[in-house]
Amino acid sequence: MIEAGIHWLLSVLAQPEIGLTSVFLISFISATLLPLGSEPAVFAVIKANPDIFWLVIMVATVGNTLGGMVDYGMGYAAKQAFDKERESYWYRWLQHFGPKTMLLAWLPGIGDPICTLAGWLKMPFWPSVMYMAIGKCLRYILITWLLLKLPDGFWRSIANYIV
């Protein structure tokens, strides 16, 4: 049943007229603690519609930043439950560098937990969101730019290999 639901969702999100909605949803979901990458969706929509490059980057950044804000909120709410963690390395590191650590929110594997810990530590919300958005936007610009530099033949060979 779950597998059928996932296939249905992916087929809906793959429709061209839903491109920006897909980018937003995938970017939002991938910023939570769920293991999902949004870069392929961003790249696919930009590759299909190069004239909306900046719009796609903006939608992905907003979705991913909102997901990071959810992580922040979860951390903020979980603080009372895990107060004993004040002695951990991450706690001291985040306290030392403050909201600027949100520039690392784009990193795979540790970026989303960093957002959660920022909320847990009750770091200033809006500065954290600002740095989070800057880091995530720079990631989308860099990765999409790099992927666009690859020749179309490369993507065809990948598609032929998969199919």
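Me: A crossing is left-handed if the near helix is turned anticlockwise from the far one by less than a right angle, and right-handed if clockwise. Is the crossing of H2 and H4 left-handed or right-handed?

Reply: The crossing of H2 and H4 is right-handed. The model is predicted: local features require pLDDT of at least 70 and side-chain atom pairs pLDDT 80 or more, while totals for chains, interfaces and linings use all residues. Residues are numbered from 1 along each chain as its sequence is written, and side-chain values use heavy atoms, with hydrogens and water left out.

Me: How many helices and strands does the chain have?

Reply: Helices (H or I, at least four residues) and strands (E, at least two) are DSSP runs, numbered from the N terminus. The chain has 8 helices and 0 strands, giving the pattern α-α-α-α-α-α-α-α along the sequence.

Me: At what angle do the axes of H2 and H4 cross?

Reply: Axes are lines fitted to C-alpha atoms, for helices over the stretch in contact, with angles from 0 to 180 degrees between N-to-C directions. Angles under 35 degrees count as roughly parallel, over 145 as roughly antiparallel, 65 to 115 as roughly perpendicular and the rest as oblique. The axes of H2 and H4 cross at roughly 30° and come within 7 Å, which makes H2 roughly parallel to H4. Residues of H2 that meet H4 include Leu20, Phe24, Ser27 and Phe28, and among their partners in H4 are Val56, Ala60, Gly63 and Asn64.

Me: How do H2 and H3 cross?

Reply: Their axes come within 9 Å and cross at roughly 165°, so H2 and H3 are roughly antiparallel to each other. This crossing is left-handed. Gly19, Val23, Ile26 and Ser27 of H2 make the contact (heavy atoms within 4.5 Å) with Ala41, Val42 and Val45 of H3.

Me: Is Ser27 buried or exposed?

Reply: Buried means under 20% relative accessible area, exposed over 50%, and partly exposed in between (1.4 Å probe, protein chains only). Ser27, in helix H2 (residues 19–31), is buried because its relative accessible area is 0%. Its side chain reaches the backbone oxygen of Val23 at 2.7 Å. Beyond four places in sequence, Ser27 touches Ser38, Val42, Ala60, Gly63, Asn64 and Tyr140.

Me: Which residues does Val42 touch?

Reply: Val42 lies in helix H3 and counts as buried at 0% relative accessibility. Not counting residues up to four places away in sequence, Val42 touches Val23, Ser27, Val56, Ile57, Ala60, Tyr140 and Thr144. From Leu20 it is 22 residues away in sequence and 8.7 Å away in space, C-alpha to C-alpha.

Me: Where is Thr32 found?

Reply: Thr32 is found in the loop between H2 and H3. With a relative accessible area of 12%, Thr32 is buried. Its side chain reaches the backbone oxygen of Ile29 at 2.6 Å. Apart from neighbours within four places in sequence, Thr32 is in contact with Gly67, Val70, Asp71 and Asp112.

Me: What span should helix H7 have?

Reply: The expected span of a helix is 1.5 Å times one less than its number of residues. The 25 residues of H7 (residues 125–149) should therefore span 36 Å, and the end C-alpha atoms are 36 Å apart, which agrees. Buried residues of H7 include Ser128, Met132, Tyr140 and Thr144. The buried residues of H7 pack against H2, helix H3 (39–48), helix H4 (53–78) and helix H6 (111–120).

Notes:
A polar contact is a pair of N or O atoms within 3.5 Å; within protein, one must be able to donate a hydrogen and the other to accept it, and residues adjacent in sequence count only if both atoms are side-chain atoms.
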